[in-house]
Amino acid sequence: MSHRRAAAAVFAGISALTALAPAGCARTDTLIGAFNGGALDTSSGDPFHPPATRRREMVTIAIRAELEDAYFGQGGDGAYVADWLRAAADNVYSFQGSVVDFMCARGADVGGLCAPNAASTTTIASRLRVRALCAEKLAFEPHEDVCAPPASPGAPPSIERFADFVRFHTAIERAARAVAALRIERLVDDVDVHEGAKVAFTQAAAYMKDRTWHRSRERRTTALVVKGGASTGIYSAGVVWVALNLITRCMEDEECRKLQKDFRFELVSGTSTGALISTAVDLFNTGDDGASRRARMRDMARWFTCSSVSSLYCVRSRPILDLLRDQTALLEFDGLTRLLRENVSCGSMTNGSELLLNTVDFRTGRLYSLSDQDRSTLRTPWDVDRS
């Protein structure tokens, strides 16, 4: 279905609600309750996404959710995991074969692809493990009993590289199992698996290449996860503000710096109000010195103590027929959008910490995690306020 037809379908739904409303009484804010109550029928799927697009997206999301662990070999020139993923994208048929293997091992001969006496899931998992461990270029071809070292011939692999191999082949196995489950339920077909997997491996490769932080054997990766909660986010903001103060003071203290040079969060994730708090933390991480970091903390304090809810967002209550004229949405986020646009810059998009913004598609209920180090989700500062 084209976007024009999709828009027409949604417009028809709004028109029906408008026709049922008492003349002159209905206002746009009443539609929010109507939509939340199920007035807009979604049983036929999402009108803005053709079924084939949605099916392939299901495959892509399922695979990427399993692949994107943190690796030692990620980011910049040392991102050898990105090379493995690109090789997997060039050899999608082998991944499809693994999906079929898992499918058949569960007794689901979808499409008549299973050979008699299909192997057990344990055997298939072992075979897939050998393929991932032994083939550095991920040709997915089984070798002899002993694998060639993943570094240079004759040299033992480093601890980090071996850990990445183990992590990677386990992720590939989980991804194959996840897609096999979708295939068994007949939610996707072979073409969807092929196209969705190719996109997943390609996008994940770019993501691993662009990630700026790494695992370390010397210390743990520090991360911050902030929940949502509308106005209750002020409590989360307060706790985070205290944590940033402690980090700033420790980074300026000579004795504290002997323990660790940089105490800033390397991975920051938030949902709803938590996403706004996480963005403030990411801006704090952009500061090059104590003065600039303290300035960012003052900005954060102003966001959450001097900004009213109504100045950030509000429900638009206007005559319902305005939807046919100049009103484009039921909620207004102009204040929040302006706040983010005035502060988020290219510097915060390219600093050493990763910002993850979590959002939910209200039509499908699907959770999306958008990363400022993943060019397929957040490419520019303007994408932050749009999410």
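1. A residue counts as exposed when its relative accessible area is over 50%. In this predicted model, Arg186 has a relative accessible area of 61%, so Arg186 is exposed. Arg186 sits in the loop between α7 and α8 (190-210).

2. The backbone at Arg186 deserves a look. Most residues other than glycine have a negative phi. Arg186 is not a glycine, yet its phi is positive, at about 60 degrees.

3. Ser272 also has a positive phi without being a glycine, here about 55 degrees. Ser272 belongs to the loop between β2 (267-271) and α11 (273-286).

4. Turning to the rings, the structure contains four aromatic pairs. One of them joins Tyr80 and Trp84, with 5.2 Å between the centres and 45 degrees between the planes, which makes it tilted. Tyr80 and Trp84 are four residues apart in helix α4 (residues 80-90), so about one helical turn separates them. Both residues, Tyr80 and Trp84, are buried.

5. Trp84 also pairs with Phe168, in an edge-to-face arrangement: the centres are 5.4 Å apart and the planes are at 65 degrees. Because Trp84 is in helix α4 and Phe168 is in helix α7 (residues 159-184), this pair ties together parts that lie 84 residues apart in sequence. Phe168 is buried, as is Trp84.

6. Which residues form one aromatic cluster? The members are Tyr80, Trp84, Phe165 and Phe168.

7. A charged residue should be noted beside Tyr80. Arg161 lies over the face of the Tyr80 ring, at 4.3 Å from the ring centre.

Key: Residues are numbered from 1 along each chain as its sequence is written. This is a predicted model: local features need pLDDT of at least 70, side-chain atom pairs count only at pLDDT 80 or more; totals for chains, interfaces and linings use all residues. Side-chain values use heavy atoms; hydrogens and water are left out. Rings of Phe, Tyr and Trp (its six-membered ring) pair if their centres lie within 6.5 Å; planes under 30 degrees apart count as stacked, over 60 as edge-to-face and the rest as tilted. Helices (H or I, at least four residues) and strands (E, at least two) are DSSP runs, numbered from the N terminus. Buried means under 20% relative accessible area, exposed over 50%, partly exposed in between (1.4 Å probe, protein chains only). A charge sits over a ring if NZ of Lys or CZ of Arg is within 6 Å of the ring centre and within 35 degrees of the ring normal.
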